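Hi everyone, thanks for making time this morning. I'd like to walk you through one model, so please have a look at it with me.

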Amino acid sequence: MTFTLPELPYAYDALNPYMSAETLEYHHDKHHQAYVTNGNKLAEEAGVSGQSLEEIVQGSFGKNAGLFNNAGQHYNHLHFWNWMKPSGGGTKLPGALAAKIDADLGGYDAFREAFIQAGVTQFGSGWCWLALKDGKLEVMKSANGESPLVEGATPILGCDVWEHSYYIDYRNARPKYLEAFVDNLVNWEYVEELFEKATK
Ligand code: MN3
């Protein structure tokens, strides 16, 4: 498939004060656009433009670093914009997902702490995740453009902990950014949608 940059699903200033318009302008218009542009070029060179994005990400992992990094980041960011919404976050989880978090992770508070901790302890650039693996929810973290996809798991929530995602608004305070993401930004309806799809 040809990669294209989607519009943000909300206005650039819609996530204020937790994520500013300036951050979204740089992050979406510059960083994500660069992954799309470079990914298309490298996918064409590798002769895989006809494959799905997931196939390209999984197929290039460990084999074609340039293509993997750009395709992986395109995949991650496509979801990242939808993993946030104005007035999101907190404990307003759909019932089935809340029950699964209770069963597999010991409840919402334990999930929240583990997810933030995964993001804080990811050394350098990367992501923290809530993913479904072998029927169970797990909190994971990954470096650079990697995701649970390459570990045979399905990511249902991820937070970008590259500095470009938080430095304008939080400077070096990555923990504060992660707390704001979980408490005020997460679009739980989209997480639920991916959870339902993954458990079908
Ligand atoms: Mn990013």
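One term before we start: a residue counts as exposed when its relative accessible area is over 50%, as buried when that value is under 20%, and as partly exposed in between. Keep in mind, too, that this is a predicted model.

With that in hand, take Glu45 and Lys41, which are both exposed. Their side chains form a salt bridge, with N to O at 3.7 Å. The two sit 4 residues apart in helix H1, so about one helical turn separates them.

Now look at helix H4, where Asp104 and Lys100 are also 4 residues apart, about one helical turn. This pair makes a salt bridge at 3.0 Å, N to O, but here Asp104 and Lys100 are both buried.

What about a pair from distant parts of the chain? Lys85 and Glu189 form a salt bridge, their closest N and O atoms 2.9 Å apart. Because Lys85 is in the loop between H3 and helix H4 while Glu189 is in helix H8, the bridge ties together parts 104 residues apart in sequence. In total, the structure has 5 salt bridges.

Finally, the metal. Which residues coordinate the manganese ion? They are His27, His77 and His164 through NE2, and Asp160 through OD, at 1.9 to 2.2 Å. Of these, His77 lies in helix H3 and His164 in the loop between strand S3 and helix H6, 87 residues apart. His77 is buried, because its relative accessible area is 0%, and His164 at 15% is buried as well.

That's my tour; happy to take questions!

Definitions and conventions. Residues numbered from 1 in each chain as written. Predicted model: local features only at pLDDT ≥ 70, side-chain atom pairs only at ≥ 80, totals over all residues. Heavy atoms only, no water. Donors = N, O, S within 2.8 Å, 3.2 Å for Na, K, Ca; no water. Buried < 20%, exposed > 50% of the residue type's maximum accessible area, 1.4 Å probe, protein only. Salt bridge = Lys/Arg side-chain N within 4 Å of Asp/Glu carboxyl O.
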